[in-house]
Amino acid sequence: MRVATLAVVLLAALVAASGATTDQLVVAEKDPVAGGTATFEGRGIGDNMEFPFVLADLPVTVTGNTCEYLNDYDVVCPYPESTAPDVVYAYTATADLVVNIDLCASSYDTKVYIFENVEGNVVCCNDDADCGVTGYQSFMENVFLYAGNTYYFVVDGYNEDCGEYVLQIDVPSPCDLNPPAGAIIEGEPVCGAGYVDTFNGGCNAEPPVFQPVGPSSGTITIFGTSGTFDDYSRDTDWYQIYISAPNTITFSATAEFPVLIFFLDANLPLGCDDPGLVISSATGSPCEVVSLTETVGPGLYWLWVGPSVFGCQPCGLEYIVTIDGYTGPSPVEDASWTTIKALYR
């Protein structure tokens, strides 16, 4: 688990703390880093999807140098117009599984993506994962592969960059959550193509809409769903609590996807646009429990949960949130966004 006031976004560069709560990818400017020199010689095996290196089984670690190959493919994720040479590996799944794809030990500015069966059918793509010697190496976590399909792993580079790569494909144990007894069911429709969140999209909705949670003498448990969809969009769920006297609150989450949580201060003058919105945040891998503990109040606060990435996580993946120490009393059941804004003018 990593706890910080700035969140690492695996499909982009770091974004400002207040901007990290967005439901769409924020693309940062990127300066090229000198790498290898492409020879564009081409190779009989590994140069394209017609003649890939075939992986008989997973997990696997392979190495090579992309400079010795041709430029055959490119996927925008999020930077376009790459002309770097690329290498192709193929694997035919005999069972459903999830994989992590790691290029962090590579020596140049990498990019990696996966095609399912045919070119252009993109399963997942990553340029920068804030890992490796420059932070510009690539990593993809919790990528779903399905039995009977052939997956083409393309090791590529940003811009014209090439060099030595270390490609590691791991097969972690899948994460499968079930609703705990007595849990509050989030109830939001499952996200998908063209989805507009008018349920609990918080500051990402227009107008903003939050899901109220009342206090309890015990642990509050919420069972919900999330995921990513369209072009680098994610479902972000915002829960709202109102504290009439200082409480020490522990906000925890575990999910079937790489999870990100925020503890947010809703009492600031600029509301959703205030740069001091984020009190704290934490990220974790699937099935890892992440927690934040803050002494806050009185006032209004938002608890945010969603994927830490903007792609590769199919909608409908499940999460469990717990809130401890929120003892109230609270008028949250009767509070609308208009009346809440009036309280803090």
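Predicted model: local features only at pLDDT ≥ 70, side-chain atom pairs only at ≥ 80, totals over all residues.

Q: What is a disulfide, and how many does the structure hold?
A: A disulfide is a covalent bond between the sulfur atoms of two cysteines. The structure holds 7 disulfides. One of them joins Cys77 to Cys125, with 1.9 Å from S to S. The torsion about that S-S bond is -45°, and the link of Cys77 and Cys125 is left-handed.

Q: In the disulfide of Cys191 and Cys315, what is the handedness?
A: The torsion about the S-S bond of Cys191 and Cys315 is about -110°, so this disulfide is left-handed. Its sulfur atoms are 2.1 Å apart. Cys191 lies in the loop between strand 11 and strand 12, and Cys315 in the loop between strand 21 and strand 22, 124 residues apart.

Q: Are Cys191 and Cys315 buried or partly exposed?
A: Buried means under 20% relative accessible area. Cys191 has 7% relative accessibility, so Cys191 counts as buried. Cys315, at 23%, counts as partly exposed.

Q: How many salt bridges does the structure hold?
A: A salt bridge calls for a side-chain nitrogen of Lys or Arg within 4 Å of a carboxyl oxygen of Asp or Glu. The structure holds 2. Arg43 pairs with Glu68, where the closest N and O atoms are 3.6 Å apart. Arg43 lies in the loop between strand 1 and strand 2, and Glu68 in the loop between strand 3 and strand 4, 25 residues apart. Asp74 and Lys111 form a salt bridge at 2.7 Å, N to O. Asp74 is in the loop between strand 3 and strand 4 and Lys111 is in strand 6, so that pair ties together parts 37 residues apart in sequence.

Q: Are Asp74 and Lys111 buried or partly exposed?
A: Asp74 counts as partly exposed at 30% relative accessibility. Lys111 is buried, with a relative accessible area of 1%.

Q: What describes a pair of aromatic rings?
A: The distance of the centres and the angle of the planes describe such a pair. The count here comes to 12 aromatic pairs. Tyr73 and Phe115 form an edge-to-face pair, 6.0 Å centre to centre with 75° between the planes. Tyr73 is in the loop between strand 3 and strand 4, and Phe115 is in strand 6, 42 residues apart. Both Tyr73 and Phe115 are buried.

Q: Why is the pair of Phe210 and Trp238 edge-to-face?
A: Planes over 60 degrees apart count as edge-to-face. The planes of Phe210 and Trp238 stand at 75°, with the ring centres 5.9 Å apart, so the pair is edge-to-face.

Q: What is the strand order in the open sheet of 5 strands?
A: The order is 2-4-9-6-7, with mixed pairing. Strand 2 and strand 7 stand at the edges with a single partner strand each, so one side of each has no neighbour in the sheet. Strand 6 and strand 7 run antiparallel and are joined by 4 bridges.

Note on methods:
Residues numbered from 1 in each chain as written. Heavy atoms only, no water. Phe/Tyr/Trp six-rings, centres within 6.5 Å; stacked < 30°, edge-to-face > 60°. Helix = DSSP H or I, 4+ residues; strand = E, 2+ residues; numbered from the N terminus. Buried < 20%, exposed > 50% of the residue type's maximum accessible area, 1.4 Å probe, protein only. Pairing = 2+ DSSP bridges. Disulfide = S-S within 2.5 Å.
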